[in-house]
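Thanks for coming. I will go through one structure today, and I will keep it short. Please have a look at it first.

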Amino acid sequence: MAVSLYSKAGVSKAAGALKTCGSACWADELIEIAKTGSHRAGDEIMKAENRCSRENIYRAAEAMDNANSEMADPNQTTNLLSKNKLVEQGRKCFNLRSKSECMTSKKALALLKAYESRNVTFIAPDGSWPIVWERARGVRVWDADGRAYLDLTAAFGVAAAGHANPRVVAAARRQAGRLLHAMGDVHPHALKAMLAGELSRLTYGRWHRRHPDCCRAGKVIFCNSGFESVEAALKTAMLATGKPGVIVFEGAYHGLGYGALNATHRTFFRGPFCSQLAGFGHFVQFPLQAGQLDAVANAIRVLFGRHGIGAILVEPVQVRGGVRVPATGFLRLLRRLADEHKAVLILDEIYTGFGRTGAWFACEHENVVPDIICLGKALTGGFPLSASVGRADLMDAAWPASSGEAIHTSTFLGHPVGCAMALAQIEEIRARNLPARSAQLGKELLAALSELRASRLRLEARGCGLLAGVELRRHDGAPAASETMSIIVQMLRRGFVLLPEGEHANVISFTPPLIISGRQLMAAVNALQSVLRDVEMAG
Ligand SMILES: Cc1ncc(COP(=O)(O)O)c(C=O)c1O
């Protein structure tokens with residue numbers, strides 16, 4: 001019977017899920033069954049319909065599904081009769097549409113083509129890209145046609161604790177039913193205060209223990225998208241120093257709002273809007289090798305001498321720039337230069353924060369404390385909430401106390417559902433020690449990616465924690481952009497979601513949920529090696 005495929009780990013996870021939903025009694029029973037062998041567990045779950053709510057059963061089925069995703073092939077688990085029955089019951093309970101009621105991918109894409117601005121979604125005429133996401137859980141995504149995929153992107157790094165993490169979803173549900181919207185900068189809600197305190201503890205509170213000279217608390221400006229938190233940091237630096245210039249780096253990506261765009265490097269994004277940009281960003285080389293650090297230091301000193309520079313803004317690893325890891329010592333150098341010139345050091349950790357690089361924040365690898373840190377993406381696990389967290393003394397010096405009208409605010413500032421999710425997400429990352437897991441699995445991933453071979457392409461693997469990239473070049477050194485996209489499309493066909501990064505889109509990036517297993521990572525790397533072979537044969 002299909003249920004015998006459920007592993008002991010799967011059953012324990014299902015039991016855990018039931019416990020969190022308050023069905024401790026039945027969960028304990030299930031654990032006992034799991035201890036003796038997993039054969040009966042599936043039957044027991046079926047019987048449990050009489051004892052537990054459908055929501056609990058749905059969660060149990062999903063948890064088992066996630067546990068079973070230890071199996072390398074993402075489609076292997078989808079035929080399990082009993083699991084599908086359970087999920088169908090859960091669907092009914094949540095009013096989720098069953099497969100036959102869902103809009104097909106084809107229909108959804110046709111609607112987008114007709115009614116969404118055509119610059120947003122690339123739709124390949126041959127139907128090979130994109131897929132239409134219908135639901136996601138853990139490291140898995142299902143498309144509108146019912147196909148399962150292993151997500152190696154965490155959807156731009158957001159789903160660090162897994163898609164629809166039960167703790168995060170429960171927090172969102174609770175909060176949505178209680179208070180769906182509050183009054184940003186006027187009448188606050190308690191969760192915003194709690195999250196501000198948590199972010200202060202997680203950053204300056206922790207950093208102060210290692211650096212007693214550093215401020216012991218941070219103060220927060222909540223925003224919606226990542227780029228807005230960068231803009232809040234830039235405004236803070238302007239208010240604190242009175243100097244408009246900002247040192248930024250080639251290859252940088254800080255978002256596409258009219259403020260952040262001054263600091264985003266790629267001509268593709270800036271070009272059409274250059275005439276409307278203030279142009280306060282001064283670009284300097286992003287040093288990849290130790291030998292480049294002196295030249296970078298000199299260039300920065302020259303800029304400090306020539307312009308009124310109030311801030312240095314940098315990503316500890318350029319992710320959208322092509323997973324570019326700078327030379328060791330770079331952040332320490334920037335800290336020194338900022339101190340020398342009384343400038344504000346802003347670290348954009350929107351992608352690298354919350355364990356992605358194998359530490360809570362990437363600056364911790366170099367023991368550097370920034371003056372402001374920008375956070376977003378994984379902060380909530382799936383809600384548009386971001387934050388600019390600055391040294392409390394700097395923030396108080398920069399921003400006057402509110403007189404009833406805030407200089408910087410927005411309608412949805414500190415959204416209650418986003419705050420509830422962020423608190424749950426941080427708790428989940430902490431409880432599962434995901435930064436350490438990211439460090440360990442990242443080493444294995446990088447070692448495996450470094451073994452990839454393609455006779456017609458030059459490959460270079462690099463990364464830090466569960467943030468890795470493989471750059472593809474032809475033998476003459478030209479970026480292998482079309483090959484990269486073709487490989488990513490073929491990986492999608494095999495059930496693996498990946499993204500291209502870099503100015504030439506010739507870097508395959510890996511930013512999976514930090515809960516991914518080693519086996520799943522290796523299954524993806526093996527598939528990539530096989531696709532690389534196919535591409536070569538086709539070429
Ligand atoms: C480092 C970094 N900063 C800022 C942003 C912009 O964030 P958002 O797209 O949420 O505005 C991104 C987005 O990828 C990013 O990677």
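Which residues point one way from strand E9, and which the other way? Keep in mind that this is a predicted model. Strand E9 covers residues 372–375. Ile372 and Cys374 point one way, Ile373 and Leu375 point the other way, and all are buried.

Now the neighbours of E9. With strand E8, residues 344–348, E9 pairs in the parallel sense, over three bridges. With strand E10, residues 386–391, the pairing of E9 is antiparallel, over four bridges. There, Ile373 stands opposite Val389 of E10.

Next, a pair of helices. Two packed helices are described by the angle between their axes and the distance between the axes. For helix H9, residues 190–210, and helix H15, residues 416–431, the axes come within 9 Å and cross at roughly 35°. The crossing of H9 past H15 is left-handed. From H9, the contact is made by Leu191, Lys192, Met194, Leu195, Glu198 and Leu202, and from H15 by Pro416, Cys419, Ala420, Ala422, Leu423 and Ile426. Sorted by class, that contact has ten nonpolar residues, two charged and no polar ones.

Last, the ligand. Which residues come nearest to the ligand? Of the 15 around it, they are Ser225, Gly226, Phe227, Gly255 and Ile350. Helix H10, residues 226–241, gives the most to this shell, with three residues. By class, the shell has seven nonpolar, five polar and three charged residues.

Notes
Residues are numbered from 1 along each chain as its sequence is written. This is a predicted model: local features need pLDDT of at least 70, side-chain atom pairs count only at pLDDT 80 or more; totals for chains, interfaces and linings use all residues. Axes are lines fitted to C-alpha atoms, for helices over the stretch in contact, and angles run from 0 to 180 degrees between N-to-C directions. Helices (H or I, at least four residues) and strands (E, at least two) are DSSP runs, numbered from the N terminus. A crossing is left-handed if the near helix is turned anticlockwise from the far one by less than a right angle, and right-handed if clockwise. Two residues are in contact if their C-beta atoms, placed from the backbone, lie within 7 Å. Ala, Val, Leu, Ile, Met, Phe, Trp, Tyr, Cys and Pro count as nonpolar, Asp, Glu, Lys and Arg as charged, and the others, Gly among them, as polar. A residue is buried if 20 or more other C-beta atoms lie within 10 Å of its own, exposed if 12 or fewer, and partly exposed in between; C-beta atoms are placed from the backbone. Two strands pair if DSSP finds at least two bridges between them. A residue is near a molecule or strand if its C-beta atom, placed from the backbone, lies within 6 Å of it.
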